[in-house]
Amino acid sequence: MASSETALAAGKRARGLAPFLRSQMRNIAPFLTLIFLSGFFAFASPSFATLDNLGNILTQVSVTGIIAVGLTFVILCAEIDLSIASIANVTGIAVAYFTLQESYVNIPNIPLPGAAAILLAILLCAALGLVNALGLTVIGIPSFIMTLAMMQIAAGISALLVRGQIAYKVPDVITTLGSGSVSGIPWIVIVAAIMLLGGHLVLTYTRFGRYVYMVGGNREAAEYSGLNVKLILGAVMVISAVCSGIGGMLGVAHFGSAQQNEFDTYLLDSIAAVVVGGTSLFGGRGGIGNTIVGLFVLGVLNNGLDHVNIDSFLKILIRGLILLAALVINVYAQRLREKAVE
Amino acid sequence: MPAGQQPILELQGITKSFGGVEALRGVDFALSPGEIHGLVGENGAGKSTLMKIIAGVHTEFSGRFLIDGAETHFRSARDAHAAGIAMVHQELSVAPDLTVAENVFLGNQPTNQLGLVQWRRMAREAGEQLARFGIDVDPMSRLGDLPIGLQQLIEIARVLFSGARIVILDEPTSALSPPEVERLFATLRRLREQGTGIVFISHFIEDILRVSDTVTVFRNGRKVAETASTATSKGALIEAMIGRGGEVLEHSYNDELMLPRPSNSSVVLKVDQLSLARSLKDVSFEARAGEVLGIYGFMGCGQQELSRILFGKLRPDGGTLAVDGKARTFASTAAARRAGVALVPESRRAMLFHQEPVYKNISISILDRISSLLLKPAQERDIAKRQVQQLQIRPPVVGLDLGMLSGGNQQKVALAKWLTYPPKLLVLCEPTRGMDVGAKNDVINIVRDLRAKGLAIIVLSTEPETVLSLADRILVLKRGALVREFANEPVSKDRLLEAA
C-alpha cells in the first residue's frame with residue numbers, strides 16, 4: 001500500500017527499526033496470529049494443511065469476506081454497522097421472493113425475470129443503507145443505535161416476506177455465482193476476491209478512499225478542510241448495505257435456501273474479521289489488506305477447530321477468547337502508534 | 001527572595017529525544033519554594049517538553065530528577081500529582097457537562113462516611129475558592145455554559161487551590177482578558193507568599209517580566225540564560241530566545257499606528273444583519289479584495305461563532321451573507337469552500353491530521369482540483385514540496401507525519417493547505433497565537449503576500465497585537481455586536497482595549 005510505503009520511508013529516516021515496528025504493530029500482530037494458528041493446526045492435525053482444505057477455508061470465508069468489504073469502509077470512518085447480517089438476510093430472501101418457486105413452497109411471492117429480481121433486491125439493500133445514512137447524517141442518530149434499529153427493521157421485512165417458510169430457488173446467475181465453480185475454483189471465492197480487490201483499489205487509489213481515511217482520522221479536521229463529511233459517511237453506509245446484500249444473495253445460493261435468521265452469525269464474524277485484521281475501531285487506520293488477514297485468522301480458526309479433537313462447546317469459548325485478544329491488540333496498537341507520533 | 005534555600009525541585013542534565021530528534025539537551029533547572037519562575041523560548045525550544053517531564057507525562061529521559069533533594073522517578077502523571085505537582089496545560093481540559101463545583105473538586109469531591117458526595121459543602125467551598133479568585137458564578141451551573149475565558153480561569157483556579165506545592169502554568173493567559181490576567185497574577189503572588197513554587201510559561205514577555213522572580217530562556221533544547229527578572233529587559237530576552245537582534249521584530253504597539261485609507265476595490269464578502277442566538281446581534285460589515293480586515297474583541301465576544309458562520313459550519317438564525325455579490329447560505333463547509341471561502345481555526349488540532357504525512361495534510365483541500373477519481377500522489381507531493389519551500393516549513397520532508405513537526409510549523413501547514421489555489425476570502429482565527437517571534441513574523445509576511453495577490457482576508461483575534469500587526473481596517477466586536485470601526489485613523493493597543 002502506498003501509505004505504508006511512505007510510513008516505511010519516514011520511519012527509517014527519522015526513527016530506526018524498533019519504534020517503526022512498534023508503529024506497525026497493528027499490521028504485524030494479526031499476521032503473526034495467522035502464522036501461529038496455521039502452524040498450530042498443521043502440527044495438530046494431518047488433514048489441516050492440505051490443498052483441499054485451503055479450498056474449504058476460502059469457500060467458508062467468502063460470504064463473510066463480501067460483507068466485510070463494506071464494513072471495512074464503515075469502521076475506517078469510525079462508525080459501525082450492526083445491520084449487515086439482517087440486510088444480507090433480507091436481500092437474499094428478496095431475490096428468492098421475486099423468483100418462481102417450486103409449487104410446494106407456500107409463499108405468496110411475485111415471480112419476475114432473473115435480472116429484475118436481482119435489480120429489485122439490490123435496490124432494496126441500497127434503500128435500507130440509505131435509511132441508515134439519513135438517520136446517521138441528517139437526523140444525527142449514532143450509527144450504533146441507528147443500525148441496531150435497522151437490524152430489527154430488516155429482520156421484520158424478512159419475516160413478512162417468507163412468513164416462516166423456506167424458499168429455495170434464486171435466479172440462475174445467482175445460483176452459479178453462489179454454488180458453481182469454474183475449473184475447480186468456486187465462483188463465490190472469485191466474487192469475494194474481486195470485491196475485496198475492488199474495495200482495496202477504491203480505498204487506496206481514489207479520492208473517495210482518501211476522504212474515508214481522513215474523515216476517520218480526524219472528523220473535525222476533515223470538516224474544517226471543506227470536505228462534505230456527511231456525504232462521505234452516508235456513502236459508506238450505503239456501500240456497506242450493498243456489499244451485505246450481495247453477500248446475502250450469494251449466501252442464499254450457497255446454502256441452497258432462503259429463510260429467516262439464516263445470517264445471524266455473520267454479524268459477529270464480519271466485525272471480527274475487520275477488527276482482528278487490525279483496522280482501528282477509532283477510524284483512519286487499516287484497510288482491506290487487514291480485513292483479508294482477519295478473514296484468514298477467523299477462517300483458519302473455525303476450520304482448524306473442526307480438525308482437532310475438541311469439545312465442540314469449548315470451541316465457542318475459544319473463539320471468544322481469541323476475539324478478545326485481538327481487541328486488546330487493536331486498542332494497544334493505537335496507543336503505541338500515538339506514542340510513536342507524539 | 002528565596003536564595004540559599006534548598007530547591008523543592010531540581011533537574012540535572014536532562015536529555016530527552018523523540019525518535020532521534022533531541023528535544024532537550026543537558027538541561028539544568030531548579031525551582032525554590034516561594035518562587036515564580038518564568039520560562040520563555042520559541043516554539044519547539046523545549047519548554048513544554050521539560051514541563052511534561054516534571055508533571056510525569058514523559059517518563060523516559062536521562063538525567064537526574066530531585067524533589068526536596070531526593071532523587072525521584074515518576075512513572076505516571078499520577079505519581080507527579082501525589083508528589084504535589086500540578087499543571088495547567090495549554091489546551092483547556094475541563095468537563096463541560098459537569099457543574100462548576102464538580103470541576104473545581106474534580107477527583108477529590110468531599111464525601112461523608114458512606115462515600116456519598118456532599119453537594120452542599122462542595123458547592124459552598126467551590127464558591128468560596130472562586131470568590132477568592134474574583135470569580136462570581138453559581139457553583140451549580142453547568143461549566144460548558146460559561147464563556148471560554150471563564151472556563152479557563154476556573155481550570156486554573158482548580159489547579160492553584162488543589163494544594164499542590166509545585167504549580168506549572170503553560171500559556172495560562174492566552175485566552176484571558178486584561179482584568180482576568182490581573183486577578184490571576186494577584187493569586188499567583190498570594191500563593192508565592194505561602195511558599196508554593198510556580199513555573200510560568202508564556203509568549204507574552206511583558207507578563208513574564210511583571211510576575212516572575214527568575215526568568216529562564218530556552219533555545220533549541222538548551223537553556224541559554226537564567227537571570228533575575230529585574231535584571232533583564234524584553235529586548236534582551238527576545239535576543240536570547242532567537243539569537244538575533246530582537247528589538248526590530250517585536251513591536252510593542254503601545255504607540256499609535258496610522259491605518260491606511262480604506263480601499264475601494266471590489267467587495268468580496270458582504271454580511272448583513274447576521275445574528276445567532278446569544279452570540280451575535282445584527283452584525284453587518286464588508287470585506288474587500290486586497291484588504292486585511294481585523295476583528296478584535298475579548299474571548300467570548302462572538303468571534304468564533306462569526307468565523308464558523310462564514311465557513312458554513314454554523315447556520316445563523318437571521319441575516320444574510322453574500323460572496324462576490326451572490327447571496328449564499330452554506331449547507332456545509334464543502335459548500336463554503338467551493339464558494340471560495342477558507343478558514344484557519346484557532347486550534348491546529350481542529351484542522352490537521354496528526355497521524356498523516358505533511359503532503360496529505362496540504363493536499364486534502366484541493367484534491368478535487370487535481371483528481372476527479374484517481375489520486376495523483378506524485379502531483380500531490382510536488383504541490384506540497386512547493387508549499388513547504390515557500391512557507392519555509394521545517395523539516396522540509398513532505399512524507400513525515402505531521403505530528404513530528406513543531407507547533408509553529410504545523411500552523412504553517414494549516415495555512416499551506418489553502419494557498420495552492422488561493423480562495424477569494426481567507427478567514428484566520430488567532431493566526432499567531434502561541435507562536436514565537438520568528439514564526440509570527442513569517443505568518444505576517446505570508447498574510448501580506450496574500451493581500452498583495454488580491455485576497456480578502458479577515459483576521460479575528462483576542463490579542464490586540466495580532467490585529468494591529470496585520471489589519472488595514474479594524475472592527476471591534478463586543479458581546480456579539482460591532483461597536484466601533486477603526487479606518488483611516490490612528491489606532492493603538494490602548495484605544496482598542498478601550499473600545500472593547
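# Chatting through chain B and its partner

Reader: Hi! I've got the structure open. Which strand does β3(B) pair with over 5 bridges, and in which sense?

Author: Hello! That is strand β9 of chain B, residues 214-219, and the pairing is parallel. One bridge to look for in β9(B) joins Gly38(B) to Val215(B). Keep in mind that this is a predicted model.

Reader: Okay. What about β8, how many bridges does β3(B) make with it?

Author: β3(B) and β8(B), which covers residues 197-201, are linked by 4 bridges, also in the parallel sense. There, Leu39(B) has Ile201(B) as its bridge partner.

Reader: And is β3(B) enclosed or open?

Author: It is largely enclosed by the rest of the structure, because 6 of the 6 residues in 36-41 are buried.

Reader: Which residues sit on each side of it?

Author: In a regular strand, side chains alternate between the two faces of the sheet. For β3(B), one side has Ile36(B), Gly38(B) and Val40(B), while the other has His37(B), Leu39(B) and Gly41(B). Both faces are covered.

Reader: Nice. Zooming out, how is chain B divided?

Author: Into two domains: domain 1 spans 9-254 and domain 2 spans 257-499. Their C-alpha centres are 30 Å apart.

Reader: How many helices and strands does chain B have?

Author: There are 17 helices and 22 strands in chain B. Its radius of gyration is 24 Å, close to the 23 Å that the globule rule gives for 500 residues, so chain B is as compact as a globular protein of that length. Along the principal axes, its C-alpha atoms fill a box of roughly 65 × 50 × 50 Å.

Reader: What share of its residues is buried?

Author: Buried residues make up 46% of the 500 in chain B.

Reader: What is the average pLDDT of chain B?

Author: The average is 85, and 94% of the residues score at least 70. Residues 245-249 of chain B are a stretch with pLDDT below 50, though the model gives this stretch 8 contacts beyond near neighbours in sequence. Where pLDDT is low, the predicted coordinates should not be read in detail. For the model, the scores are ipTM 0.82 and pTM 0.77.

Reader: Is Glu430(B) buried or exposed?

Author: Glu430(B) is buried, because 23 other C-beta atoms lie within 10 Å and the cut-off for buried is 20 or more.

Reader: And where is Asn261(A)?

Author: Asn261(A) is in the loop between α12 (229-255) and α13 (264-276) of chain A. Its phi is positive too, near 60 degrees. With 12 other C-beta atoms within 10 Å, Asn261(A) is exposed.

Reader: Last one: which helix holds Gly407(B)?

Author: Gly407(B) is in helix α14 of chain B, residues 407-419. Gly407(B) counts as partly exposed, with 17 C-beta neighbours inside 10 Å.

How values were computed:
Residues numbered from 1 in each chain as written. Chains lettered and ligands numbered in written order. Predicted model: local features only at pLDDT ≥ 70, side-chain atom pairs only at ≥ 80, totals over all residues. Domains from an automatic or database assignment. Helix = DSSP H or I, 4+ residues; strand = E, 2+ residues; numbered from the N terminus. Pairing = 2+ DSSP bridges. pLDDT = per-residue confidence, 0-100. Contact = placed C-beta atoms within 7 Å. Rg over C-alpha atoms; globule rule 2.2 N^0.38 Å.
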